[in-house]
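Have the viewer open and the selection tool ready. We will go from stop to stop, and at each one you will hear what to select and what is there.

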Amino acid sequence: MPLAGSDLAGAAAGPVEVRRSTRRRRTVTAYRESGRTVVLIPAAFTPAEERRWVAQMVAKLQTREERRRRSLGGDEQLMSRARELAAAHLDGVPSPTSVRWVDNQLRRWGSCTPTDGSIRLSSRLRGMPEYVVDYVLVHELAHLIEPSHDPRFWALVACYPRAERARGFLEGVELARHDAGGDLPEDDVDVE
């Protein structure tokens with residue numbers, strides 16, 4: 001049941017969709033999906049319980065996302081993080097000239113230009129776990145060493161210990177987006 005974001009006290013900008021489930025007995029879950037907040041609740045909840053739980057879960061989700069945004073910081077912190085990851089996982093070889101957040105990457109998580117050493121990360125990553133952002137950074141840093149997606153490139157990316165977990169996370173995000181009516185990208189982390 002979609003609710004307008006303004007219908008909830010303290011709700012985030014954008015719509016809130018409540019999905020009731022007869023299989024749920026006690027648990028309540030909230031997440032972001034295609035620009036809206038989805039709250040999963042038991043079907044047996046009263047309207048008052050629904051309002052209370054939706055407001056609580058939206059606030060909790062906003063707090064978690066704000067904490068992640070603060071920890072990921074701006075472009076300077078992103079550059080610092082890229083240098084740390086290069087030193088820790090790629091023998092300090094790649095040396096990006098710039099690393100920045102961008103708002104215009106809707107089909108990719110990250111991109112880089114090896115000829116000038118610039119790396120761009122989609123601002124859609126800001127609400128995701130740090131290990132996922134770190135994976136995308138390592139992926140783009142590896143492109144500064146090896147521009148193609150050949151076995152040498154993937155060996156470099158595999159130096160990041162949480163690479164497979166992060167790739168699975170991003171694949172799940174893309175699948176959920178596709179299931180909600182979005183297009184699946186051809187390659188969600190790529191080099192330009």
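Start with Tyr131, which counts as buried at 12% relative accessibility (buried is under 20% relative accessible area, exposed over 50%, partly exposed in between, with a 1.4 Å probe and protein chains only). Before going further, note that this is a predicted model, in which local features need pLDDT of at least 70, side-chain atom pairs count only at pLDDT 80 or more, and totals for chains, interfaces and linings use all residues. Residues are numbered from 1 along each chain as its sequence is written, and side-chain values use heavy atoms, with hydrogens and water left out.

A search of the whole structure finds three aromatic pairs (ring centres of Phe, Tyr or the six-membered ring of Trp within 6.5 Å; planes under 30 degrees apart are stacked, over 60 edge-to-face, the rest tilted). Tyr131 and Phe169 form an edge-to-face one, 6.4 Å centre to centre with 75° between the planes. Tyr131 belongs to helix H3 and Phe169 to helix H5, 38 residues apart (helices are DSSP runs of H or I, at least four residues; strands are runs of E, at least two; both are numbered from the N terminus).

Keep Tyr131 and select Arg162: its charged end sits over the Tyr131 ring, 4.2 Å from the centre (NZ of Lys or CZ of Arg within 6 Å of the ring centre and within 35 degrees of the ring normal).

Next, go to Arg124, which lies over the face of Trp109 at 3.9 Å from the ring centre. Arg124 also forms a salt bridge with Glu174, with the closest N and O atoms 3.8 Å apart (a side-chain nitrogen of Lys or Arg within 4 Å of a carboxyl oxygen of Asp or Glu). Glu174 is in helix H5 and Arg124 in the loop between S7 and H3, so this pair ties together parts 50 residues apart in sequence. Glu174 is buried at 3%, while Arg124 is partly exposed at 24%.

For another salt bridge, show Glu146 and Arg152, at 3.1 Å between the closest N and O atoms.

Now colour the largest nonpolar core: of its 31 residues, Leu121, Leu125, Tyr135 and Leu170 touch the most other members (buried Ala, Val, Leu, Ile, Met, Phe, Trp, Tyr and Cys joined through side-chain atoms within 4.5 Å). H3 gives the most to this core, with ten residues.

Where pLDDT is low, predicted coordinates should not be read in detail.
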